[in-house]
Every structure is written in structure tokens, then in C-alpha cells.
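Good morning, everyone, and thank you for making time for this short talk.

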Amino acid sequence: MGLGSFSYQLPLLGPEDAPSHYRARLHFLATHETSETVFDVKVRGMFVLKDIALDVATNKFKPKDVDIPSIAVTAHLIIEFVPKKGNPRINAIEVLRMD
């Protein structure tokens with residue numbers, strides 16, 4: 001990963017569990033500490049969201065929630081944040097099993 005990139009590895013299934021599908025909801029919030037930030041999001045190594053923009057001037061204290069509807073998971077769910085401008089930030093990740 002490049003400078004400012006980071007990821008979360010969420011262990012969702014054990015070795016005996018069958019693969020399953022999940023929905024992820026990503027919660028973002030621009031705060032007074034947020035300079036203009038633009039980044040992409042990868043799930044399982046593939047880009048699923050492009051050009052997520054957080055800018056305190058336009059989004060001050062307004063939450064931005066983004067759903068990723070169906071993610072096939074066999075063990076861990078890996079979500080990566082890849083910066084384009086500034087440093088990515090996330091406030092919460094919500095993961096729900098679909099089946």
C-alpha cells in the first residue's frame with residue numbers, strides 16, 4: 001500500500017464455516033480537522049468505490065454513508081482505503097451477513 005493507505009482485515013468466518021455473503025456500510029464524517037480528502041476503496045483487492053470526497057467546507061459535520069451491497073467472503077473481509085488527495089479517514093464500518 002502507498003503512503004496514507006490503510007486497511008482493515010475483519011475475520012468473519014472460521015475454518016469450518018461455509019462461504020457467505022455480506023453487506024458493508026461505510027460511515028464517513030468530515031470534521032473541522034478534515035482537509036479536502038479524495039480516496040478510493042478496495043474490497044477483496046478490487047476497487048468498489050472511486051473518488052470518495054470529504055471536504056470540511058462542503059460536508060462539515062454531515063455524515064456520508066456508503067453501502068457495498070454484496071460481498072462474497074470465504075474467511076476474512078479486507079477493506080482498503082487508497083488516497084488520491086489528503087489522507088483517507090473512516091468513522092465506522094458496519095458489516096451484516098446476508099444469508
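Predicted model: local features only at pLDDT ≥ 70, side-chain atom pairs only at ≥ 80, totals over all residues.

Starting at the N terminus, the elements of the protein chain follow the order β-β-β-β-α-β-β-β, which amounts to one helix and seven strands. The protein chain has 99 residues, of which 31% count as buried. If we take the contacts between residues at least 6 apart in sequence, 79% of them join residues at least 24 apart.

Let me turn to the interior. In soluble globular proteins, nonpolar side chains tend to be buried together. Here, the largest nonpolar core has 20 residues, and those with the most contacts inside it are Leu26, Phe28, Val41 and Phe81. Two or more residues of this core come from each of β2 (20-29), β3 (37-43), β4 (46-54), β5 (63-73) and β6 (76-85).

How many residues of β3 are buried? Seven of the seven are, so β3 is largely enclosed by the rest of the structure. Both of its faces are covered, with Thr37, Phe39, Val41 and Val43 buried on one side and Val38, Asp40 and Lys42 buried on the other. Val41, which we have already met in the core, touches Leu26, Phe47, Ile79 and Phe81, among others, when residues up to four places away in sequence are not counted.

Which strands pair with β3? Six bridges join β3 to β4, and the two run antiparallel; one detail of this pairing is that Thr37 has Leu54 as its bridge partner in β4. These two strands form a hairpin with two residues between them, and Arg44 in the turn has a positive phi of about 55 degrees. β3 also pairs with β6 in the antiparallel sense, again over six bridges, and there the bridge partner of Phe39 is Pro83.

Now please look at Lys42, which lies in strand β3. Lys42 is buried and yet has no salt bridge, since the nearest side chain of opposite charge, that of Glu80, is 4.1 Å away, whereas a salt bridge is counted within 4 Å. Leaving aside neighbours within four places in sequence, Lys42 is in contact with Phe47, Val48, Ile78, Ile79, Glu80 and Val82.

Elsewhere, charged side chains do meet, and the structure holds six salt bridges. One of them is between Arg25 and Glu94, at 3.8 Å from N to O. Arg25 lies in strand β2 and Glu94 in strand β7 (residues 92-97), so the pair ties together parts that are 69 residues apart in sequence. Another is formed by Asp51 and Lys84, whose closest N and O atoms are 2.7 Å apart. Because Asp51 lies in strand β4 and Lys84 in strand β6, this pair ties together parts that are 33 residues apart in sequence. Asp51 is partly exposed, with a relative accessible area of 45%, and Lys84 is partly exposed as well, at 46%.

Finally, salt bridges that share partners link Asp40, Lys50, Asp51 and Lys84 into one network.

Note on methods:
Residues numbered from 1 in each chain as written. Heavy atoms only, no water. Core = buried A, V, L, I, M, F, W, Y, C linked by side-chain atoms within 4.5 Å. Buried < 20%, exposed > 50% of the residue type's maximum accessible area, 1.4 Å probe, protein only. Helix = DSSP H or I, 4+ residues; strand = E, 2+ residues; numbered from the N terminus. Contact = heavy atoms within 4.5 Å. Lys, Arg positive; Asp, Glu negative; His and termini not counted. Pairing = 2+ DSSP bridges.
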